[in-house]
Amino acid sequence: MPKPKKRRKQKGHITTLTDVARELGVSAMTVSRVINDGPASPEVKRRVRAAINRLDYQPNEAARLLKGTRSRTLGLIVPDVRDYFFGTIFQSVQAAARAHDLTTLFLTHDHDLNRERQVLELMLERSVAGLLVVPAGGDTSHWKRVIDSGVIVVSLDRPLPGLKADSVQVDNQAASYEAVLHLVDHGHRRIACLGTESELFTMGARLAGYVAAMQARGLPLLPYVSREALPAAKIRELFAQAWKVKPSESPTAVFSLNNACTLQALAVIQQLDLRIPSDVAYVGFDDFQFASLVWPHLTAVRQPAEEIGRRGVELLMGRIEDASRLTATTILPTSLIIRNSCGCSSAETQSSGAAKFAETRPMASSGFAAETT
Amino acid sequence: MTGPKPIRLADIASDVGVSLMTVSRILNNRGQYSAEMTRKVQEAAQRLGYRPNLAARQLTGRRSSTIGLVVPYLSDLFFKHCVYAIQETAREKGFGVLALAHNRDLKEEREAVSLMLQRQVAGLLVASAGGHHPHFDELRRRNVPLVAFDVPVENTKSDAVLVDNAESTASAILHLLAHGHRHIAFLGTEMATYTMRIRRESYTKTMREAGFAPMLAVSEGPLSGEEMDTLFRKALSGTKRPTAVFTVNSHATVRVLLLLEKLSLSVPRDVAIIGFDDFEFAAFLKPQLTAVRQPAEELGSRAMQRLIDRLNGDVSAPFTEVLKAELIVRESCGCGAISEALASNHSRPARRIASR
């Protein structure tokens, strides 16, 4: 092994691959193989990476892409990074991707299908290794085109029905069913469901869980749920309708379909000067960091947002390794975090034991089973 | 694994039955062609799913249209609003945003900036962990503009968009002093960070000028939730217990509020509190939280706009822009309690005091 040459770095000189090779006394080809994940012994890999760091060598990504090497960028499309649930997914995807030496390019569609199509184009122009997406819902023809052309897509939170895309979700309907029954078990009969965007996959499933639970116990349905997205003031107007009835008919408990609805529902309850849980008991979908600070502490369905992001990256990496694998939908467990707003006292505060175990279901019926080329 | 086979100009050329040069010229808006020919080529490009190869464009010396963003945390209550506004502003101008979090770790920050250089970003937005890295010099050598936001980049001349941490902290402390508090504690973590340091200095200065001794319960680096509890519990349960506290960010505010409940201390009667960083649920806490609200989205969009100006050839000297924060007065500082005592049943809307 020749002695490493002394490092010479002049001001303004940009380190090249040859510099790294010279420093280590190996061929430029060896350095190139390590950079591009080619065959090399672990010891050589370690030494080359150390030298790259020491010399601040920056491989030229653009040149690598032209040579057909896989992109080191992962694309993520979510509705809105300000939301606690999607923001947590974003942070977790970024961290998991980085562990695979991938950087995350992110864009948001703000629940708008046209915006989703637009940001998808922006993503594809930048040669991503794969895409993670929380779809806006509705038409999926643009996703079909992209997936058919060979781009790896994993959907999070919501499915891309009928398309060859792995997916990570929770069982929204079962989680809602359990949450509503908890209110029923507290003796409530008039339970209102407050929500928006029933057209969305997740919201539709949560609403269905509410309906199923109420019908199972023979209770009246009190849904205050819009089909479309609404501005905050309109949401409050809609929710306030629940109390614009005879006092004997107003709800004694409410179930809200997501975080954003919880925020507006709390504003309405505050405005009507109602007390939780004595005037109205409360359970919401989506736990968040302030649920235990709001008084009384909010009982909420907790989704494993961090794990949804991490599993999504794992599925994407797996698909890059083996594109022929069966398409799989991973269903992660939720838990009902019982605090005080439902009417339980502090002493009873606990997480429900009904947490379901994660299960990975191959979608054998979806017609992709034959695609094992 | 090389991914899907991209559509090339040659594919469009053979589809339409024209020369490669014709396709190239039409798609790059060069040369004169009939409307009919232009339409045919564009239609074929769209039908076949042609996308200009940005990697190739970069090699020919044209700028990449991807921006690098390096922040402490992505899901943090404050930074998520900055990140949102940055992305919105970027998308409007056709830029994509690559994001990395450094978790307030100098080594992670160094790696993140290095990765951004490798990815050939057109420009970089950084909310620094506080370190100076040779990569920042490398950015300048390569003519890649850098805009710092929230925290200036150490030893580097660059544009910066900041929040007036000193003034807003002082206005919060003065508000507590005006309520008659003398023992006001300052609770927080990550004091090594620029913004936290400024808040601490402003607190100490304001207390000294009022003639009272500062009471600090702080750590230099980040702490886990349990470690924060231990640190703050000590400050809140001694014989010289403060009658008011100022929390340095929303993480600290959340921990302190939970802790006060556990210690059966009532807010604001036993301990008044003002937090740095407002958040959407602050009005639903009991009592409602008085907090310093930073213009997070304005900070993000201003920083991104500055970067776009630089990319568009603005070569004026680097300058620092400082945005105002405001004190949102609700109840936890003692204001609600006073209004209840003096005028029962009179609910008072939140007041806003812009810090000077």
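Modeller: A:Pro231 is exposed, with a relative accessible area of 53% (exposed means over 50%, buried under 20%, partly exposed in between, using a 1.4 Å probe and protein chains only). This is a predicted model, where local features need pLDDT of at least 70, side-chain atom pairs count only at pLDDT 80 or more, and totals for chains, interfaces and linings use all residues. Residues are numbered from 1 along each chain as its sequence is written, chains are lettered from A and ligands numbered from 1 in the order in which they are written, and side-chain values use heavy atoms, with hydrogens and water left out.

Biologist: Where is A:Pro231 found?

Modeller: A:Pro231 is in the loop between strand 7 (222-225) and helix 10 (232-240) of chain A. Helices (H or I, at least four residues) and strands (E, at least two) are DSSP runs, numbered from the N terminus. The C-alpha atoms of A:Pro231 and A:Arg217 are separated by 34 Å, with the two residues 14 apart along the chain.

Biologist: On to rings. How many aromatic pairs are there over all chains?

Modeller: The count is 10 aromatic pairs over all chains. Rings of Phe, Tyr and Trp (its six-membered ring) pair if their centres lie within 6.5 Å; planes under 30 degrees apart are stacked, over 60 edge-to-face and the rest tilted. One of the pairs is B:Phe246 with B:Phe276, edge-to-face at 6.3 Å centre to centre and 90 degrees between the planes.

Biologist: And where do B:Phe246 and B:Phe276 sit in the chain?

Modeller: B:Phe246 is in strand 8 (residues 244-247) of chain B and B:Phe276 in strand 9 (residues 272-276) of chain B, so the pair links distant parts of the chain, 30 residues apart. B:Phe246 is buried at 0% relative accessible area, and B:Phe276 is buried at 0% too.

Biologist: Which residue lies over the face of B:Phe276?

Modeller: B:Arg199 does, at 3.7 Å from the ring centre. For a charge to sit over a ring, NZ of Lys or CZ of Arg has to be within 6 Å of the ring centre and within 35 degrees of the ring normal. In chain A, the charged end of A:Arg206 sits over the ring of A:Phe285, 3.8 Å from its centre.

Biologist: Which residues do ring pairs link into a cluster?

Modeller: A:Phe288, A:Phe290, B:Phe279, B:Phe281 and B:Phe284.

Biologist: Switching to strands. Is strand 2 of chain B buried or exposed?

Modeller: Six of the six residues of strand 2 (residues 96-101) of chain B are buried, so the strand is largely enclosed by the rest of the structure. B:Gly96, B:Leu98 and B:Leu100 point one way, and B:Val97, B:Ala99 and B:Ala101 the other.

Biologist: What does strand 2 of chain B pair with?

Modeller: Strand 1 (residues 66-71) of chain B pairs with it in the parallel sense over six bridges, and B:Thr66 stands opposite B:Gly96. Strand 2 (residues 103-108) of chain A pairs with strand 2 of chain B in the antiparallel sense over three bridges, with A:Thr104 and B:Ala99 as bridge partners. Two strands pair if DSSP finds at least two bridges between them.
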